[in-house]
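Here is a short report on strand pairing and packing. Keep the model open while reading.

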Amino acid sequence: MPENSGVRGVKSASRTVALLELLASRGDRPARLDELAEELGVPRSSMYQLLRTLVDCGWVRTDTTGSLYGIGIRALHTGTSYLDSDPHVRAARPYLDVASDALGETIHLARLDGSNVVYLATRESHEYLRTISRVGRRIPAHAGALGKALLAERPDDRLPLPEGPLAPLTEKTHTGRATLLADLAGVRERGYSIDREETVTGIAGFGFALRYDSPAVDAISCSVPVARLGKEHERRVVAVMREIRTKIESVLSPASGAPDWR
């Protein structure tokens with residue numbers, strides 16, 4: 001087991017966390033016992049005992065046949081508690097509402113988690129159908145406005161990117177480091193990132209890192225259908241989002257007393 005600061009990991013706890021993360025990553029695709037045991041390299045009997053314990057506790061659910069498993073309702077309770085207790089999310093929410101009202105577009109707040117960003121809050125536009133994002137969803141950081149805004153806050157030689165080719169979400173997603181690095185250089189120069197259909201076909205995004213941490217771990221963005229993204233509207237989106245970023249940063253400065261959970 002890996003060690004951290006001289007403390008040995010607990011095998012059963014690590015196995016439980018790995019199982020819950022695996023089930024969560026499958027979304028609406030339930031898994032069978034054999035699949036889970038093989039994926040995690042756990043004996044079938046041990047996996048069955050772990051699953052039954054988690055089902056009894058509400059962390060895992062199963063169907064009426066007892067052969068399919070998915071993430072349980074207790075995970076929702078824990079995730080909601082995370083959002084409700086986070087001072088950054090709580091402070092940013094009113095400003096997301098302001099941006100949404102001012103622009104009539106979809107506004108996001110997300111956090112960097114390894115090589116991905118995780119959506120923490122979303123204010124949906126009433127003008128078009130829901131985009132790919134929703135609270136709790138993970139998106140590769142290289143693939144969109146939020147992630148690129150946060151990657152640009154870091155030196156090129158310290159970017160949290162996966163090994164090998166970068167996975168595409170659309171035909172316009174960066175799949176090579178050279179083009180991504182060139183894009184990040186532009187982000188640093190202009191002060192915000194631009195995603196032109198790199199995450200969702202037909203949707204553009206504008207991302208702004210929130211610099212109350214250094215390097216920034218949170219960012220906000222505005223998503224707009226490319227079909228109605230004229231130059232004037234783009235300028236207004238950038239102006240409003242810059243102002244919203246400044247307001248959020250002002251209430252979450254280091255002097256605000258918010259805990260540093262890192």
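## The S6–S7 hairpin

Strands S6 and S7 form a hairpin, with 2 residues between them. Gly114 sits in the turn and has a positive phi of about 65°. S6 covers residues 106–113, and its antiparallel pairing with S7 runs over 7 bridges. Leu112 stands opposite Val117 of S7. Strands here are DSSP runs of E, at least two residues, and helices are runs of H or I, at least four residues, both numbered from the N terminus. Two strands pair if DSSP finds at least two bridges between them.

## Source and numbering

The model is predicted: local features need pLDDT of at least 70, side-chain atom pairs count only at pLDDT 80 or more, and totals for chains, interfaces and linings use all residues. Residues are numbered from 1 along each chain as its sequence is written, and side-chain values use heavy atoms, leaving out hydrogens and water.

S7 spans residues 116–123. Asn116 has Pro140 in S8 as its bridge partner.

## The three-stranded sheet

An open antiparallel sheet holds 3 strands in the order S3-S5-S4. S3 (31–32) and S4 (60–62) are the edges; each has a single partner strand, so one side of each lacks a neighbour in the sheet. S4 and S5 (residues 68–71) pair over 3 bridges. Thr62 has Tyr69 of S5 as its bridge partner.

Helix H3 (residues 44–57) packs on this sheet and touches S4 and S5. Contact means heavy atoms within 4.5 Å. The directions of H3 and S4 make about 100°, using N-to-C axes fitted to C-alpha atoms, for helices over the stretch in contact, on a scale from 0 to 180 degrees.

Definitions and conventions
Buried < 20%, exposed > 50% of the residue type's maximum accessible area, 1.4 Å probe, protein only.
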